[in-house]
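Colleague: I am new to this. Could you walk me through the model below?

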Amino acid sequence: MIRRLSAAAAALTVVLIVAGGVVTNTDSGLACPDWPTCFGSAMPRMVGNVAVEHTHRLIATAVGLCTVALVVLTLRRARQGGLAGALAGFSALILGASFWAGHVKHATDQLPLAAVVLVALGYAGFAWSISRTHETDGKLAAAALMVVLFQGLLGGLTVLYRLPTLVLVMHLGTSMLFLCLAVVLAVGRGRVIAAPRGPLWLTAAAVYLQILLGATVRHTGAGLVCVDLPFCRGALWPAGVHPMVHLHMAHRAFAFVVLGLVFWSSLRVARSSGGLIRALAFIAPALVVIQIALGILTIVTFKELVPVTAHLLVAALLLADYAALLAMTREPASVPLALGVSA
Amino acid sequence: MTCSRLIAVAAALIIPAAAMAETIEGEVDFTGKPPTPGKLHREADPFCAKKTMTDPAVLTKNGKLENVWVHVTKGAKEAAKPPSDTVEMDQKDCMYEPRMTTAVVGQKIVAKNGDPVLHNVHTYLGSSTLFNKGMPNDKAAPIEYVAKEEGMMKWKCDVHPWMRGYIGVSKSGLQAMTKGDGAFKIDNVPPGKYTVESWHEKYGTKTQEVTVEAGKPAKINFKYDGTEKGGA
């Protein structure tokens with residue numbers, strides 16, 4: 001049940017990330033001027049940009065509810081029902097304080113300090129609860145709930161502070177972290193096989209960094225500062241230009257670093273494993289090649305909705321692939337004999 | 001029937017109808033503290049960077065708000081015949097010119113590029129893209145588009161993200177755009193009850209009901225105080 005629910009949460013998170021991309025790429029981020037309500041309602045008239053933004057919020061709510069259910073299930077299995085109650089209390093504190101702060105900020109343009117303190121207390125409570133959790137699944141589920149609450153908070157801040165770049169980048173970065181947690185919970189750590197994990201960690205970190213870089217390009221409006229390919233304004237690294245141009249080119253250049261790392265790590269893992277792990281390892285290079293093609297399409301179509309959103313989707317799938325590979329593998333030396341089924 | 005009689009009958013029919021068409025007029029007030037326009041960061045493109053510009057999203061003068069689209073949303077009985085002249089949206093100095101204007105459903109809209117650099121013209125109605133085409137430089141052929149639906153047509157250049165333009169498209173043609181004095185005047189309004197909406201790119205919409213009577217202009221004012229959120 002926990003695995004299935006985690007898989008559903010992971011799939012829903014991918015949908016949520018795509019919906020978030022549609023929000024950005026259709027300029028719908030401020031279609032609802034308030035948060036958490038939209039025009040003061042939990043269910044506004046679903047038309048145009050409002051429908052896009054509010055659908056994103058509704059999917060986020062569904063992801064949040066899945067995560068709550070995961071926390072309850074994992075902690076009940078670990079006979080830590082009391083801790084689930086404590087987490088419910090801390091979640092209510094964070095949500096209550098956030099919603100109150102959102103209402104006050106929308107009405108008066110001032111963020112109440114008391115709400116900030118209450119939210120901080122709620123997160124401290126979460127950290128304490130996670131440290132008390134016995135099972136890994138319980139820890140992961142509680143961490144996922146903490147991340148998804150933070151994600152909602154960042155979503156609120158994007159609306160209330162009218163799309164600040166740093167918050168937008170963090171919003172995407174946090175959603176990717178949540179996706180990784182959901183994937184690890186879905187895969188489970190029951191049957192792991194020996195495989196070199198160093199290359200996997202390195203590549204996963206590079207993919208994550210590239211996602212953050214891409215989000216910064218997107219949210220600073222640097223997506224089309226270079227419209228020629230493969231060079232930018234006739235050079236690989238044009239001199240005397242605005243930093244945004246270098247940001248854009250850094251994203252392009254780092255794509256090739258990621259490409260190299262993905263080929264290297266997937267070959268290393270594929271050689272030492274079989275079955276599903278080998279399949280996941282072989283999917284990664286295909287995804288990264290598709291991703292580069294989508295990046296090029298994003299530029300040549302002037303950021304048309306389909307390629308630019310697909311670019312985000314494939315990034316999420318690539319990271320999820322590495323999260324699954326990491327969850328399904330152990331360093332060869334650390335694998336217990338009973339579990340090691342190295343190919 | 002003699003020719004003069006025919007003219008007399010036609011005049012008797014036409015003149016009252018023309019006389020019945022009234023106006024809805026008024027002003028859009030801005031009662032809050034006018035925001036200081038921020039500098040647009042156009043440094044990423046060397047051509048655009050040559051000129052320093054501020055954000056024209058909110059333009060106020062003497063407590064009046066410019067660039068507010070005021071239009072009839074309910075009560076209009078007939079669709080307007082599309083005017084034969086075209087609405088032009090130019091791109092000059094990496095800005096849309098004009099920032100805001102109006103068109104009627106069925107009217108031709110023409111996009112031009114007056115700059116020697118690439119702009120892509122990405123237009124939206126709500127969350128849907130209407131067209132997204134590149135114009136490499138000032139020699140690029142104009143893009144022609146016929147307005148199909150009413151609503152606010154948003155113009156964006158993804159190459160230069162600060163570039164924004166707006167064309168309010170109306171089916172009835174009962175619309176106006178406020179100028180620097182905040183005044184608007186909607187002509188040729190038959191007597192009746194109407195819902196009139198004002199739309200500002202930053203402060204969103206406000207609505208009012210108005211009754212237009214034969215023989216006198218209907219007056220309404222809209223008020224924004226700068227705390228409103230919405231718009232584009």
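Modeller: First, a term: two residues are in contact if their C-beta atoms, placed from the backbone, lie within 7 Å. This is a predicted model, where local features need pLDDT of at least 70, side-chain atom pairs count only at pLDDT 80 or more, and totals for chains, interfaces and linings use all residues. Residues are numbered from 1 along each chain as its sequence is written, while chains are lettered from A and ligands numbered from 1 in the order in which they are written.

Colleague: How many residues of chain B are in contact with chain A?

Modeller: Take chain A's side: 19 residues take part. Their partners in chain B number 16.

Colleague: Which helix gives the largest share of the side of chain A that touches chain B?

Modeller: Helices here are DSSP runs (H or I, at least four residues) and strands are E runs of at least two, numbered from the N terminus. Two elements give two or more residues to that side: helix 2 (48-77) and helix 8 (243-271) of chain A. The largest share, 3 residues, comes from helix 2 of chain A.

Colleague: How many residues of domain 2 of chain B are in contact with domain 1 of chain B?

Modeller: Chain B is divided into domain 1 (21-78 + 178-232) and domain 2 (79-171). Their centres, taken over C-alpha atoms, are 19 Å apart. Domain 1 of chain B brings 15 residues to the contact, and domain 2 of chain B brings 17.

Colleague: Which residue of strand 17 of chain B does Trp199(B) stand opposite?

Modeller: Strands pair if DSSP finds at least two bridges between them. Strand 16 (residues 192-200) of chain B runs antiparallel to strand 4 of chain B, with 5 bridges, and there Trp69(B) faces Trp199(B). Strand 16 of chain B also runs antiparallel to strand 17 (residues 204-212) of chain B, with 9 bridges. In strand 17 of chain B, the residue opposite Trp199(B) is Thr205(B).

Notes. Domains from an automatic or database assignment.
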